[in-house]
Amino acid sequence: MSAYPTLLSPIDLGPLRLPNRVMMGSMHTGLEETGDWDRVAAFYAARARGGAGLMVTGGMAPNREGGVYPGAAGLFSEEDIANHARVTGAVHEAGGRIAMQILHAGRYAYSKHCVAPSAIRSPISAFTPNALDEVGIEKQIADIATAAARSVEAGYDGVEVMGSEGYFLNQFLAPRTNRREDRWGGSLENRMRLPVEVVRRVRAALGPEKLLIYRISLIDLVPEGQDWSEIVALADAVTEAGADVLNTGIGWHEARVPTIVTSVPRAAFAHLTAKLRAEVAVPVIASNRINTPEVAETILAEGQADMISMARPFLADPDFVAKATRGDAARIAPCIACNQACLDHTFSGKLSSCLVNPRACHETELVLEPVTTPRRIAVVGAGPAGLSAALAATERGHAVTLFDRAERIGGQLHYAAAIPGKEEFRGLIDWFEAEVAASAINLRLGHAPSAEELAGFDAVVVATGVRPRDPGIPGQEGDNVISYADLLSGRVQAGPRVAVVGAGGIGFDVAEYLVTGHSTTIDPPAWRAEWGVADPSVARGGLAPEGPRPDPAIRKVTLLQRKAEKLGKRLGKTTGWVHRAGLQMRAVEMLGGVSYERIDAQGLHVTTSEGSRLIEADTIVLCAGQESERTLAEALRNSGVEAHLIGGADVAAELDAKRAIDQGTRLAATL
Ligand code: FAD
Ligand code: NAP
Ligand code: SF4
């Protein structure tokens with residue numbers, strides 16, 4: 001019997017019978033905007049072949065003013081419809097089903113032409129929206145209905161109406177953004193009028209044979225958001241108007257509570273989907289931080305939802321469902337919720353991909369062709385760079401020997417996994433272990449090969465990573481000075497007062513490690529208290545009136561850098577604010593613009609623009625960046641063996657696991 005009997009059981013959703021209860025949720029990848037529709041079709045067809053019961057496209061703009069940014073994709077012309085038909089054709093041929101999301105961004109549209117119920121600028125937008133008049137409102141509704149009609153022409157199986165995340169429909173619903181005094185604002189009935197009318201007209205445009213999903217915001221996580229009675233009233237009204245199913249939306253984009261980053265507990269919001277399920281007659285879909293079949297099955301088996309939406313997990317592994325079905329969950333490449341290659345790319349105007357799977361959205365370009373003449377390849381270093389090179393080269397048919405001087409694979413990923421809130425990195429190491437075990441790789445742990453030993457291979461890949469940079473601070477040889485590796489490996493304990501030298505990604509992580517006694521990522525009620533998340537039945541918007549209630553820091557930490565800029569400025573675009581807020585909540589002192597003078601038994605002496613200062617500290621942790629570990633590469637060069645350098649061994653600056661894995665996979669594609 002399947003380990004996931006509920007997840008893999010069929011479900012009737014409106015007019016559709018689906019083979020399982022897994023939906024690939026909507027993601028804006030940027031693929032449509034490339035204009036390469038073969039690529040778009042290949043992306044979705046791969047996920048259909050991988051067994052997703054239903055997929056939802058990225059948000060399609062119903063008109064120019066509603067596009068997330070100028071030039072955002074939509075169905076505006078016959079050519080657009082024909083392009084989308086190529087996608088639906090490829091998906092249907094692969095045996096899948098696909099619905100098109102209609103996304104009107106309202107005041108979140110990145111344009112001075114953006115429109116909204118009221119002229120109130122969002123704190124995350126540069127543009128004050130134009131308040132719509134009666135004619136303007138009718139135009140928006142008509143355009144959304146037209147988009148739905150065009151989706152039918154393009155062959156979609158239905159649509160998802162985006163009503164959450166603080167977008168246009170949500171803006172009409174919440175008092176925060178709707179200050180109208182006409183029939184579109186004020187009372188609940190008036191604020192609901194636009195979303196309900198949209199659903200009614202979309203249903204009319206679709207006819208009875210197509211699926212209509214409404215994405216409903218179950219917790220706005222902003223002041224003056226909706227309360228629970230309003231959410232339930234809306235759920236009833238949109239189902240009455242023609243929605244077949246309600247998908248879960250969590251938090252507005254401007255919310256100051258994280259909703260999908262890796263430190264959010266798995267299934268952190270499924271209890272709200274369960275709460276809605278008890279109130280409505282239609283199926284409900286749970287979403288947010290669900291990334292394994294076990295978590296998904298538990299939600300369904302406990303009756304919290306009828307179906308599960310997972311979006312980013314389908315970037316990490318298009319074959320998620322197929323692997324769960326064949327009982328091979330350990331082989332599912334895990335989404336670690338890092339946002340590094342997906343949302344951070346989207347918000348930087350770059351094409352999405354995935355840290356774990358660089359082939360995501362590059363299906364037609366990064367192809368691992370089988371080789372006709374297998375070669376004997378040595379890969380030295382089993383961090384993410386070496387692992388991905390070894391796995392991809394083996395997949396192509398090469399005979400690979402993978403060496404690491406350590407007794408385990410994973411390299412620096414072990415340090416990442418030690419950080420409270422980054423537990424998902426453990427799953428990434430486990431997955432690499434499962435992949436290596438299932439492959440034909442000859443794994444040689446606890447062994448650092450010499451250049452002579454490697455001379456007999458047809459190709460050598462050096463993936464020896466990095467070593468910590470020596471900041472050269474006088475006194476750093478004292479017993480009170482340690483490296484991040486000493487600390488995170490558990491070899492050395494820090495005292496109660498700590499100074500952290502260097503505020504890059506590692507310095508921030510080390511500070512988090514030092515101040516956190518208990519990781520709330522594995523304790524959802526504690527996490528909700530930490531971020532001030534309340535039940536929307538008792539607090540409008542789901543924000544606790546008393547605000548965030550974090551556990552106190554277990555150490556006094558000062559985080560320092562030489563640059564005079566704000567600390568954490570270069571952290572991830574969609575995640576940096578969470579790291580900064582987390583440390584601020586635990587009173588970490590952040591000091592920029594310092595010069596390090598010396599270290600002695602009292603602590604760290606620095607100079608700032610205000611003069612000399614002693615940071616009293618029992619322990620000083622060095623996180624001053626890294627340099628390439630090239631000892632082996634140089635020995636190989638001296639003995640005339642040609643080597644390919646990847647990951648940190650190649651370039652240490654701005655190294656992360658995303659680049660290491662991408663570079664390893666791309667090199668293997670060419671060997
Ligand atoms: P490494 O991971 O350093 O692996 C090199 C491997 O080579 C090691 O296993 C080592 O034992 C082996 N080796 C070295 N010399 C030899 C030799 N002579 N013979 C045999 N084996 C040898 N990145 C992200 O993208 N996101 C994050 O959130 C993130 N968080 C991090 C948090 C912390 C605390 C740390 C320390 C790092 C974090 N990183 C993160 C960075 C990421 O882990 C590294 O960029 C990545 O591991 C580099 O990969 P690599 O394979 O080049 O090198
Ligand atoms: P980093 O981001 O380059 O930061 C190095 C820090 O050390 C900076 O604060 C730098 O600031 C300081 N520094 C540099 N040279 C110094 C010197 N000679 N003396 C004293 N201080 C010095 O590197 P990292 O923190 O080591 O991280 C390594 C990589 O891992 C990063 O590129 C990062 O992308 C990745 N990582 C990512 C995440 C993530 O969440 N995405 C988390 C952890 C790590 P000043 O020069 O201003 O002092
Ligand atoms: Fe998940 Fe990170 Fe991949 Fe995005 S980049 S899909 S968050 S693993």
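Visitor: Which residue of strand 24 does valine 606 stand opposite?

Guide: Valine 606 faces arginine 613 in strand 24. This is a predicted model in which local features need pLDDT of at least 70, side-chain atom pairs count only at pLDDT 80 or more, and totals for chains, interfaces and linings use all residues. Residues are numbered from 1 along each chain as its sequence is written, chains are lettered from A and ligands numbered from 1 in the order in which they are written, and side-chain values use heavy atoms, leaving out hydrogens and water.

Visitor: In which sense do strand 23 and strand 24 pair?

Guide: Strands are DSSP runs of E, at least two residues, and helices are runs of H or I, at least four, numbered from the N terminus. Two strands pair if DSSP finds at least two bridges between them. Strand 23 (603-608) and strand 24 (611-616) pair in the antiparallel sense over six bridges, forming a hairpin with two residues between them.

Visitor: Where does cysteine 361 lie?

Guide: Most residues other than glycine have a negative phi. Cysteine 361, though not a glycine, has a positive phi of about 70°. You'll find cysteine 361 in the loop between helix 12 (343-346) and strand 13 (376-380).

Visitor: Is cysteine 361 buried or exposed?

Guide: Buried means under 20% relative accessible area, exposed over 50%, and partly exposed in between (1.4 Å probe, protein chains only). Cysteine 361 is buried, at 0%.

Visitor: How many residues of helix 13 are buried?

Guide: In helix 13 (384-396), 12 of the 13 residues are buried. Just after helix 13, glycine 397 has a positive phi of about 115°.

Notes. The expected span of a helix is 1.5 Å times one less than its number of residues.
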